[in-house]
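Subject: Structure for your review

Dear colleague,

Please find below the structure for your review. My findings follow it.

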Amino acid sequence: MRTVKMSMNEAVIERARAVQQGSVPASEEKTAPALLPDQIEMVQESFRHVEPIAEAAAGLFYGRLFEIAPNLREMFPESLDEQGRKLMAVLGLVVKGLSKPETILPAVSELGRRHVGYGVTADQYTPVGEALLWTLGEGLGDAFTPEVEEAWASAYGLLSSVMIESANQAAA
Ligand code: HEM
């Protein structure tokens, strides 16, 4: 028996990994990890503080991403301004839609399928998630408590697993 309790963070990361490796049973594939209502509230509340500094946050995000995974730089256009705006806008929509996932899931699935066309592979969602959480930590400072971090890790786990699953289905 497992004596060490897995944190929510680890559980989400473990599931994302299982999805990436294709080892999630077909019956479970559509059950993305759910967020608790107060986690949704934490993600929404904290994002309100990021929105006014969205441009700076996008800059920090790409800086960190290419530090963690320099090989990803060539996948993006030289100027990241437009890309950063799109990323923050989509994140904003997803964050707002968390309380009604059925309203955003089709658009998120489409986004996942478009990413196949950009040459994105499932394993690349890991450094992107790391860079996103790091950026939120920088932007939110002390407000980025362990609970807020866990809520964001779950939200990213949900978003990325839907994108990866729809990409896998498109490839199947
Ligand atoms: C939750 C995760 C992600 C979100 C919300 C996201 C969001 C976006 C958005 C909104 C766009 C603009 C184009 C479109 O709407 O189709 C885009 C493009 C792109 N994304 Fe992502 N993305 C995510 C994950 C990733 C990952 C893991 C990679 C891997 C490197 C990646 C690489 C790219 C690339 C290469 C483009 C196209 C750039 C271009 O040629 O203009 N994205 N992404």
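G119 lies in the loop that links α5 (101-117) to α6 (125-140); helices here are DSSP runs of H or I with at least four residues, strands are runs of E with at least two, and both are numbered from the N terminus. This is a predicted model, in which local features need pLDDT of at least 70 and side-chain atom pairs count only at pLDDT 80 or more, while totals for chains, interfaces and linings use all residues. Residues are numbered from 1 along each chain as its sequence is written.

G119 is exposed, as 9 other C-beta atoms lie within 10 Å. The terms are as follows: buried requires 20 or more other C-beta atoms within 10 Å of a residue's own, exposed 12 or fewer, and partly exposed the range in between, with C-beta atoms placed from the backbone. Just after α5, G119 adopts a positive phi of about 85 degrees. Its C-alpha is 7.8 Å from that of M75, although G119 and M75 are 44 residues apart in sequence.

Buried in α5 are I104, V108 and G112, and their cover includes α4 (81-97) and α7. Helix α6 has 16 residues and reaches 22 Å from its first C-alpha to its last, close to the 22 Å expected. Its buried residues are Y125, A131, L132, T135, L136 and G139. Because they cover an arc of only 140 degrees around the axis, they sit on the same side of α6; the arc is that of the directions from the helix axis to the C-beta atoms. Just after α6, G141 takes a positive phi of about 55 degrees.

A further point concerns α2 (residues 37-50) and α7 (residues 146-171), whose axes come within 9 Å and cross at roughly 100 degrees. Axes are lines fitted to C-alpha atoms, for helices over the stretch in contact, with angles from 0 to 180 degrees between N-to-C directions. α2 is therefore roughly perpendicular to α7 (65 to 115 degrees). Q39, M42, V43 and S46 of α2 meet E147, V148, A151, W152, S154 and A155 of α7, where contact means C-beta atoms, placed from the backbone, within 7 Å.

Overall, the protein chain has seven helices and zero strands, and 28% of its 172 residues count as buried.

Kind regards

Definitions and conventions. Angles under 35 degrees count as roughly parallel, over 145 as roughly antiparallel, 65 to 115 as roughly perpendicular and the rest as oblique. Two residues are in contact if their C-beta atoms, placed from the backbone, lie within 7 Å. The expected span of a helix is 1.5 Å times one less than its number of residues.
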